[in-house]
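I am opening a notebook page on this structure, and I will write down what I looked up in the order in which I went through it.

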Amino acid sequence: MAAPALRITARLGLALDGATAARRREASAPVAVPAAPWLKKAAVRCQRAVGAAVAEKKDAPVSVAQDRSGDGGAAPELTVVMKFGGSSVASAERMREVADLILSFPEEHPVVVLSAMGKTTNKLLMAGEKAVGCGATNVSELDELSFVKELHLGTLDQLGLDRSIVCGLLDELEQLLKGIAMMKELTLRTRDYLVSFGECMSTRIFAALLNKIGVKARQYDAFDLGFITTDDFTNADILEATYPAVARRLHVEWINDPAIPIVTGFLGKGWRSGAITTLGRGGSDLTATTIGKALGLREIQVWKDVDGVLTCDPNIHPKAKPVPYLTFDEAAELAYFGAQVLHPQSMRPAREGDVPVRVKNSYNRRAPGTLITKARDMSKTVLTSIVLKSNITMLDIVSTRMLGQYGFLAKVFSIFEDLGISVDCVATSEVSISLTLDPSKLWSCELVQHKNELDDVIEELEKIAVVHLLQNRSIISLIGNVQRSSLILEKAFNVLRRNGVNVQMISQGASKVNISLVVHDSEAKQCVQALHSAFFENGFLLEADELDVLHDGFTSHSNGTIHSH
Ligand SMILES: Nc1ncnc2c1ncn2[C@@H]1O[C@H](COP(=O)(O)OP(=O)(O)O)[C@@H](O)[C@H]1O
Ligand SMILES: N[C@@H](CC(=O)OP(=O)(O)O)C(=O)O
């Protein structure tokens with residue numbers, strides 16, 4: 001396709017209203033908080049319990065929880081959010097490590113947000129899918145149900161905690177799966193209820209662990225804490241009412257009875273249905289940033305299993321390295337365009353509340369991680385990170401000139417709006433539009449599988465245009481300083497040309513941090529690897545000063561040339 005004359009990038013997140021009959025799961029009984037006070041005595045017990053578990057590890061010094069109330073009087077303010085993802089709390093040992101990690105910051109008064117343990121969410125989803133076809137009597141035998149039971153009960157046993165902490169939830173889970181088997185149906189609403197068990201159990205176990213070692217903790221289900229969302233099951237958006245509700249509840253209970261809040265990530269309550277909703281896969285990051293904004297905290301820490309946001313997905317390129325600083329815009333763009341490390345919407349509350357986000361490694365706590373803030377010095381920045389989003393559907397739409405340019409663009413986008421389909425990248429010329437469709441709004445399956453939705457779009461578009469459907473495409477996003485776009489593009493296209501890759505669409509975001517290139521799926525990984533080598537491994541970025549000179553020379557002398565590095 002010829003390169004379009006004018007390029008814009010647009011995102012249309014289109015909400016589907018899922019008003020359904022109200023039904024809500026009863027909030028589970030809160031974890032009992034032992035009488036042990038939030039005081040120095042607790043520190044001694046913490047040292048014994050947690051210290052014993054990790055004392056031999058040289059890189060994980062145990063610092064003991066101090067008297068966090070300072071003068072022993074009024075509770076100090078909550079200071080940070082610490083969010084731990086599934087990989088950070090995947091086992092009893094990991095839970096102990098995370099408890100130790102939290103206690104190693106005695107000066108902090110954290111709100112803790114947890115995801116489900118390990119791969120629990122995937123297992124629950126798989127159990128649900130299988131239950132649809134297996135018959136109610138066979139539900140108890142489902143491997144995935146056994147896995148989830150064994151993981152949680154085994155973890156309680158290893159931590160010396162009472163199995164009753166999750167028994168009620170496990171019974172309820174089995175009942176739900178039997179219900180799915182009887183109905184032979186798994187709706188989006190039921191999926192959310194189903195996966196909620198993961199976070200409900202991990203937080204209860206972790207709160208009980210902290211309480212056992214003498215650190216007062218209080219478990220909260222986000223759907224009871226004040227997380228109010230749209231009723232878009234599996235991909236709900238957080239509503240404004242959430243912020244004051246969450247702030248009030250956490251603040252008042254902390255002041256009256258200081259105990260570390262342990263909050264379920266990922267979950268909310270639909271404002272119309274009153275049912276449990278989820279915030280999209282990886283949504284616990286969004287839970288954390290929402291709490292950070294609600295309470296106006298000093299920092300939001302997102303603890304992962306990598307040393308921060310990396311220059312690319314480490315599964316694509318093992319030489320990916322940590323990016324020390326990012327802006328909210330860069331991080332949002334990176335997440336939106338497919339970097340699994342952060343939830344796409346998670347930067348929004350942090351940016352609105354201007355609360356810095358730190359991405360850290362719970363397996364390597366000394367690593368500095370990535371600090372994400374509103375602004376940073378971009379003067380030496382060329383490229384920050386390369387992101388790949390695969391299995392994308394692309395549409396080339398060429399006007400049949402039945403409409404003027406304005407009418408054409410408006411009509412095309414109104415078709416997507418009416419059908420509730422999100423658009424990722426757009427490149428336009430006067431009479432044509434190329435765009436990619438965003439599969440991320442859909443739950444673990446790609447848009448291309450939703451044949452009817454696509455057929456409807458194409459049928460509507462064909463009333464005003466000639467439409468070509470191009471599947472199995474990938475978007476490679478170059479996140480960086482788009483003020484240096486000529487330099488980035490020159491280098492990128494050199495690499496792509498050397499690798500014989502034909503770029504099918506190019507789009508530069510208005511946010512000035514992202515250039516997106518669309519290539520065929522089959523070439524995409526190899527492209528990212530070659531681009532990573534060129535930009536990050538051959539001293540290219542170390543020559544930023546030199547690039548400055550070249551860049552300035554280029555802009556001030558229009559006939560100047562930039563040498564390929
Ligand atoms: N640019 C990137 N930087 C860091 N990690 C990335 C990137 N792209 C993909 N990843 C993947 O994201 C994973 C961390 O995100 P995630 O699994 O959601 O963490 P958690 O479950 O701990 O919240 C890493 O293990 C890594 O494989
Ligand atoms: N457990 C949910 C929510 C989440 O945020 O998980 P994680 O932090 O492990 O990506 C999921 O798997 O999507």
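I began with the shell around ligand 1 and sorted its residues by class, which gave six nonpolar, six polar and four charged (Ala, Val, Leu, Ile, Met, Phe, Trp, Tyr, Cys and Pro count as nonpolar, Asp, Glu, Lys and Arg as charged, and the others, Gly among them, as polar). I note that this is a predicted model, in which local features need pLDDT of at least 70 and side-chain atom pairs count only at pLDDT 80 or more, while totals for chains, interfaces and linings use all residues. Residues are numbered from 1 along each chain as its sequence is written, chains are lettered from A and ligands numbered from 1 in the order in which they are written, and side-chain values use heavy atoms, with hydrogens and water left out.

I counted 16 residues surrounding ligand 1, and the closest are Lys 83, Lys 304, Asp 305, Leu 310 and Gln 340 (a residue is near a molecule if one of its heavy atoms lies within 4 Å of it). I then looked for polar contacts (pairs of N or O atoms within 3.5 Å). A nitrogen atom of ligand 1 lies 2.8 Å from a backbone N or O atom of Leu 310, and an oxygen atom of the ligand is 2.9 Å from a side-chain N or O atom of Lys 304. Of the 570 Å² of accessible area that ligand 1 has on its own, the protein covers 87% (Shrake-Rupley method, 1.4 Å probe).

Oxygen atoms of ligand 2 gave me 2.8 Å to a side-chain N or O atom of Lys 83, 2.8 Å to a polar backbone atom of Gly 86 and 2.8 Å to a side-chain N or O atom of Arg 281. Ligand 2 exposes 340 Å² when taken alone, and the protein buries 83% of that.

Next I looked up the largest nonpolar core, which has 132 residues, with Phe 84, Phe 206 and Leu 478 making the most contacts inside it (a set of buried Ala, Val, Leu, Ile, Met, Phe, Trp, Tyr and Cys residues joined through side-chain atoms within 4.5 Å; buried means under 20% relative accessible area, with a 1.4 Å probe and protein chains only). Helix α6 (residues 188-212) gives this core its largest share, twelve residues (helices are DSSP runs of H or I, at least four residues, numbered from the N terminus). The core lies between domain 2 (40-47 + 62-373) and domain 3 (383-539), because both give residues to it; the domain bounds come from an automatic or database assignment.

Notes:
Polar contact = N/O pair within 3.5 Å; in protein donor to acceptor, adjacent residues only side chain to side chain. Buried < 20%, exposed > 50% of the residue type's maximum accessible area, 1.4 Å probe, protein only. Helix = DSSP H or I, 4+ residues; strand = E, 2+ residues; numbered from the N terminus.
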